[in-house]
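Have the viewer open as you read.

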Amino acid sequence: MEMITSMVSDKAVVIFSKSSCCMSHSITSLIRSFGANPAVYELDEMSNGQQIERALLQLGCQPSVPAVFIGQQFIGGSKRITSLHLRNELVPLLMNARAIWI
């Protein structure tokens, strides 16, 4: 958990992803479509990716990717992000985290 905290500590938006996961790609594209520039960590391309994935599972992210942090807070996976978007709540979160300016 400490490792994840340090990885998200100074970034407005962080997405933990896998290069082969279509939902990770879709969520990353959605967040970028608002003008945000998320830090994306591809767990399958990192030497400590399995360790990070276990920590994400302990946080309650099921499945482990995509795992989205906005404003250093764990928001959730693809279902949660999609739900926030459909309720017009994603953009305000991104704005409050200073990930976008509109």
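Predicted model: local features only at pLDDT ≥ 70, side-chain atom pairs only at ≥ 80, totals over all residues.

## The sheet

Strand β1 (residues 13–17) pairs with strand β3 (residues 67–70) in the antiparallel sense, over four bridges. Look at V13 for one example: its bridge partner in β3 is I70.

Zoom out and you get an open sheet of four strands, ordered β2-β1-β3-β4, with mixed pairing. The edges belong to β2 (39–42) and β4 (73–76); each has a single partner strand, so one side of each has no neighbour in the sheet. On average, neighbouring strands are turned by 25° against each other, direction ignored.

## Helices across the sheet

Two helices to pick out here are α2 and α4. Helix α2 (residues 22–33) lies across β1, β2 and β3, and runs at about 165° to β1. Helix α4 (residues 78–86) lies across β3 and β4, running at about 85° to β4.

## A closer look at α2

With twelve residues, α2 reaches 16 Å from its first C-alpha to its last, close to the 16 Å expected at 1.5 Å a residue. Which residues of α2 are buried? They are S24, I27, T28, L30 and I31. These cover an arc of only 160° around the axis, which puts them on the same side of α2.

That buried set packs against β1, β2, β3, α4 and α5 (90–96). On the other side of α2, C22, H25 and S33 are exposed. Just after the helix, G35 takes a positive phi of about 100°.

Conventions
Residues numbered from 1 in each chain as written. Heavy atoms only, no water. Pairing = 2+ DSSP bridges. Axes fitted to C-alpha atoms, helices over the stretch in contact; angles between N-to-C directions. Contact = heavy atoms within 4.5 Å. Expected span 1.5 Å × (residues − 1). Buried < 20%, exposed > 50% of the residue type's maximum accessible area, 1.4 Å probe, protein only. Arc of directions from axis to C-beta.
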